[in-house]
Amino acid sequence: MNIDHLRYFLVLSQEMHYSRAAQRLNISQSGLSHAIAALEQELGVRLVVRSTKALRLTPSGAVLERYASQIL
């Protein structure tokens, strides 16, 4: 597991917006999307649900958010 991916996920969970999270992390939005997708692939679960109006954490994402904040 890549520690940067955990950090990216944690910032995304705080911002609840890909563009703002990417800006805060100083990376591209597509780079953030790819990192989150890689983390989801590695863990075998969806972490976020993205709709046209909002971003929300899945139950698995909420659990990871707690652990990621402890780890980091």
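Q: Which residues form the nonpolar patch on the surface?
A: This is a predicted model. In the model, I3, V63, Y67, I71 and L72 form that patch. Together they have about 470 Å² of accessible area.

Q: Which helix gives the largest share of the patch?
A: Helix α4, residues 59–71. Three residues of the patch come from that helix.

Q: Where is V63, then?
A: V63 is in helix α4.

Q: And is V63 buried, partly exposed or exposed?
A: V63 counts as partly exposed, because its relative accessibility is 34%. The partly exposed class runs between the buried limit, under 20%, and the exposed limit, over 50%.

Q: New topic. Where does L12 sit?
A: L12 belongs to helix α1, which covers residues 3–15.

Q: Buried or exposed?
A: L12 is buried, because its relative accessibility is 1%. The cut-off for buried is under 20%.

Q: What is L12 in contact with, leaving aside neighbours within four places in sequence?
A: L12 is in contact with H17, Y18, A21, L32, I36, V48 and L55.

Q: How far apart are L12 and L25?
A: In sequence, 13 residues separate L12 and L25. In space, the C-alpha to C-alpha distance is 9.3 Å.

Q: Back to Y18 from that contact list. What sits over the ring of Y18?
A: The charged end of R50 does. The distance from the charged end of R50 to the ring centre of Y18 is 4.1 Å.

Q: Let's do backbone angles. What is the phi of M16?
A: M16 has a positive phi, about 55 degrees. M16 is not a glycine.

Q: Where is M16 found?
A: M16 lies in the loop between α1 and α2, and helix α2 spans 18–25.

Q: How accessible is M16?
A: M16 has 28% relative accessibility, so M16 counts as partly exposed.

Q: What about the phi of N26?
A: N26 has a phi near 60 degrees. That is a positive value, and N26 is a residue other than glycine.

Q: Which loop holds N26?
A: The loop between α2 and α3 holds N26, with α3 at 29–43.

Q: Is N26 buried or exposed?
A: N26 is exposed, because its relative accessible area is 71%. The exposed class starts over 50%.

Key
Residues numbered from 1 in each chain as written. Predicted model: local features only at pLDDT ≥ 70, side-chain atom pairs only at ≥ 80, totals over all residues. Heavy atoms only, no water. Patch = residues over 30% accessible without salt bridge, like charges linked within 9 Å, V, L, I, M, F, W, Y side chains within 5 Å. Areas by Shrake-Rupley, 256 points an atom, 1.4 Å probe, with all protein chains shown as cover. Salt bridge = Lys/Arg side-chain N within 4 Å of Asp/Glu carboxyl O. Helix = DSSP H or I, 4+ residues; strand = E, 2+ residues; numbered from the N terminus. Buried < 20%, exposed > 50% of the residue type's maximum accessible area, 1.4 Å probe, protein only. Contact = heavy atoms within 4.5 Å. Lys NZ or Arg CZ within 6 Å of the ring centre and 35° of its normal.
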